[in-house]
Amino acid sequence: MTHSEYILLLFGMASVTYVPRWIPLWLLSGRTLPRWFLDWLSLIPVAVLSALLLPELVISAPPRHLDPVNLKLFVALPTFLVAAKTRSLLWTVLTGMALYWAAGKVF
Amino acid sequence: MFVFAGSSQFIAISMIGSGAAAASIILATFVVNLRHLLMSSALSVFLGKRRSSHLALLAYGVTDESFAVNHHRFLTGEWDWRRALVVNHTSNFAWVASTIAGGLGGQFIAPGAFGLDYTLAAMFIGLIVLQVNRVLHVAVGAAAGVVSVLLSFLLPGNWNIIVAAVSAATAGAVILGMHARESRRRKK
């Protein structure tokens, strides 16, 4: 890849990263939105985050395959409990890392 | 610093490594980042009327993590766009700083040391738990997760995340709507 292609790539990636984040803020803020749409938006966070998380826990790669019995999923259970108990991101992340590390030593 | 998006940076690195064309890397970045379209929509509810320059600044920092923190704070009240802006740009600064630190120091850390592989998963777990305050959230989250796993074998790239999140949230909103209609009828 040449130097100018790199610049083009950087600009292209920057705009496709930024524009989808900006348009909804610009179009939707300051309007009164219908109830059903607000309901829908209120469910988006948990839906997106879960859709990101579960594949991370049960799919191993490469090659991509379903791996439902593994350390990541196993460690997720106590991590969820700590998260629910402390409601603290820091403790959740530290617990998850520590358990995953310790579990890796044992198994 | 111009492309504040971790997953697309990883994809770009590996695609550049395998000699892919710039256009296909840009397309991959776009698909990976489409989920932020949903996140910005969800945030816009709390912002009210703002100068478009303020929104433009805020938009730059919408990521999985800053979004989850901001959305949670907006919901519990005592939060405004200024603080959201601070969260977004602090995390951006930390991202750039730790990228540099990682570039310089990464060679000294063995792959997988100290459970580092698990930070992302643990953070998603923490962020999800912060969002959950009713049973419907658990149901929507579980549905989105399962659908996302199944679709990841059928759809290319990160489309599974977008399709799963949209369909699970839609199903949840339909349930909320039916519930509201039911309780209105009971009041009459």
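Reader: What makes the span of helix α9 (residues 159-187) of chain B close to the expected one?

Author: In this predicted model, helix α9 of chain B has 29 residues and reaches 42 Å from its first C-alpha to its last, close to the 42 Å expected at 1.5 Å a residue. The expected span is 1.5 Å times one less than the number of residues. Residues are numbered from 1 along each chain as its sequence is written, and chains are lettered from A in the order in which they are written. Local features need pLDDT of at least 70, where pLDDT is the predictor's confidence in each residue, from 0 to 100.

Reader: Which residues of α9(B) are called buried?

Author: A residue is buried if 20 or more other C-beta atoms, placed from the backbone, lie within 10 Å of its own; 12 or fewer make it exposed, and counts in between partly exposed. Among the buried residues of α9(B) are Ile161(B), Ala165(B), Ala169(B) and Leu176(B). In chain B, 38% of the 188 residues are buried.

Reader: How many helices and strands does chain B have?

Author: Helices (H or I, at least four residues) and strands (E, at least two) are DSSP runs, numbered from the N terminus. By this rule chain B has 9 helices and 0 strands, whereas chain A has 4 helices and 2 strands, in the pattern α-α-β-β-α-α.

Reader: Where in chain A is confidence lowest, and where highest?

Author: Helix α1 (residues 3-28) of chain A has the lowest mean pLDDT, 71, and helix α3 (residues 71-86) of chain A the highest, 91. Chain A averages 80.

Definitions and conventions:
Predicted model: local features only at pLDDT ≥ 70, side-chain atom pairs only at ≥ 80, totals over all residues.
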